[in-house]
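Dear colleague,

Please find the structure below, handed over for your use.

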Amino acid sequence: MPARRRRKKVLVLGGGFAGVECVRRLEASLGRDGGVEIVMVSEDNFLLFTPMLPQVASGTIETRHIVMPIRTICGGATFYEGRVRNIDPHGKIVDVWGTGQRRGISIHYDFLVVALGSQTNFFGMSGVEKHAYTMKTLNDAVLLRNRVVDMLEQAENETDPIRRRGLLTFVVVGGGFAGIETAGELMDLLHDAAKHYPNVGRGDVSVSVLEAMPSILPGFSGKLAAFARQKMSERGIDIRLNTAVSGFDGREVEVRGTGEGEKEGGVIMTNTLVWTAGVTPPNTVKRSLLKTEGGRIVVDENLGVPGFAGVFAVGDCALLADPRTGRPYPPTAQLAEAQAKTAARNLHALMRGGKMSPFSYKSRGQMAVIGKRAGIASLFGFNIAGFWAWALWRNVYLSKIPRADKRIRVLLDWTIDVFFDRDIARLKLVTKPAELEYAELDEVDDVW
Ligand SMILES: Cc1cc2nc3c(=O)[nH]c(=O)nc-3n(C[C@H](O)[C@H](O)[C@H](O)COP(=O)(O)OP(=O)(O)OC[C@H]3O[C@@H](n4cnc5c(N)ncnc54)[C@H](O)[C@@H]3O)c2cc1C
């Protein structure tokens, strides 16, 4: 009897914007092809819709409304929830960590897509890593919201003015999307919540943004960035340019000037530092056998990894220079999805003996919300600022949420936010997680 043909396996690592888009495209193009199996491995069993993460931190949107379970949006793929431990592109095997609670597995593949995204980069500052809050995961947003409410509770009854100032000062580091949107939302939350704390006046709270570069929101025109800065300053958010952080001990942030002739240092007293100043690929990517530069996987114009046929890298963890500027593409969700589409098309071509096509990308524009019903948008060459940019942001991003039920839930959250105050209940369920310790088990499940 002839041996049954083994199905070809496409393994996608990472369930973020790039991984999910790639799987969905492959599902659509391969249809009912019984000869190919699509497998995804990701640490979380959901896609996190990061553009709305700051609104979870500020309590405008409920926590679960911005996450889509992978099983509900990539139904045609076999899904493994787990953390990738090692990628062996020579043996075509990916190992997934085992823990005390779960068995480690080794998954063999024929084609591989690495879409493992990025993690917060602390640039080696251990004090910052230990004491700062971050804005990258759902847990980060929940922790920050709890922290803000806790600071208000403590400040309400604090009589020492110096301690009180530290409690009510919030410093956000990084003037990119994540930092600016977080600072705007933070101020909204503080202003809304302060009315429940009779001893905390609006003028008592302070939010600052520290940015090491001479401008905020890179990628936007100077005019739009200046508008954002002006609007945020009017709302009391102090944006300090050319200011880099050199340390944080949980009470004081050390800063130094980075501009010409502004090298002087100083300290800012705060109990809460939110670090959004950079990302770096996960360690799994950095220590893989795939060629990396600055930690990101170097890819060719087809998004393939040189030297390993059938291996692609997309999204934040991939490094490709924009031919127009000669500089690496910035890490955005829009770019991650565009790369995933090309990788899925090229994978399909590779399987069918077709011709691969190079990645080409033209950004449709960018948008950011900067707090209380204001935003900036640069779309198809048009610049919009203020309320209409904010309304556009909401429309566009709402339509991008991949599930109708979540879209409705977010819309309801926004509507409720117009008519009611924010909930200031502090949930003590989530604490800052200890570094995950993964135990290696003797028994490893081999998945062919
Ligand atoms: C607060 C915030 C706001 C943002 N706003 C915008 C915006 O408005 N517009 C925009 O275009 N971009 C925005 N971004 C950037 C955007 O989120 C990223 O560029 C985008 O998520 C990149 O997609 P990705 O698939 O490459 O990575 P990710 O979305 O990060 O996905 C990577 C996936 O891999 C998983 N993973 C990582 N390591 C492992 C491992 N070892 N094992 C298993 N799984 C692993 C992760 O859990 C995750 O599911 C924002 C980012 C943040 C943090």
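The ligand is surrounded by 33 residues, and Gly14, Gly16, Gly117, Gly315 and Thr332 are the closest; a residue counts as near a molecule if its C-beta atom, placed from the backbone, lies within 6 Å of it. Please note that this is a predicted model, in which local features need pLDDT of at least 70 and side-chain atom pairs count only at pLDDT 80 or more, while totals for chains, interfaces and linings use all residues. Residues are numbered from 1 along each chain as its sequence is written.

**The ligand shell**

By class, the shell holds 16 nonpolar, 12 polar and 5 charged residues. Here Ala, Val, Leu, Ile, Met, Phe, Trp, Tyr, Cys and Pro count as nonpolar, Asp, Glu, Lys and Arg as charged, and the others, Gly among them, as polar. Elements that each supply at least two shell residues include helix H1 (17–30), strand S2 (36–42) and helix H7 (177–194). Helices (H or I, at least four residues) and strands (E, at least two) are DSSP runs, numbered from the N terminus. Domain 1 (8–118 + 281–363 + 437–447) and domain 2 (126–277) each contribute at least three residues to the shell; the domain bounds come from an automatic or database domain assignment.

**The nonpolar core**

The largest nonpolar core has 126 residues, and Cys22, Val114, Ala115 and Val314 have the most contacts inside it. H7 gives the largest share, 10 residues. This core lies between domain 1 and domain 2 because both give residues to it. Such a core is a set of buried Ala, Val, Leu, Ile, Met, Phe, Trp, Tyr and Cys residues joined through C-beta atoms within 7 Å, where buried means that 20 or more other C-beta atoms lie within 10 Å of a residue's own. Among the residues that Ala115 touches are Gly14, Gly16, Cys22, Val314 and Gly315, leaving aside residues up to four places away in sequence; contact requires C-beta atoms, placed from the backbone, within 7 Å.

Strand S6 (residues 84–88) pairs with S7 in the antiparallel sense over 4 bridges; two strands pair if DSSP finds at least two bridges between them. Val84 has Val96 as its bridge partner in S7. Between these strands the hairpin has 4 residues, and Lys92 takes a positive phi near 55°. S7 is also joined by 4 bridges to strand S8 (residues 104–108), again antiparallel, with His108 in S8 as the bridge partner of Ile93. Val94 and Val96 form the covered face of S7, whereas Ile93 and Asp95 form the uncovered one.

Yours sincerely

Conventions
Buried ≥ 20, exposed ≤ 12 C-beta atoms within 10 Å, placed from the backbone. Contact = placed C-beta atoms within 7 Å.
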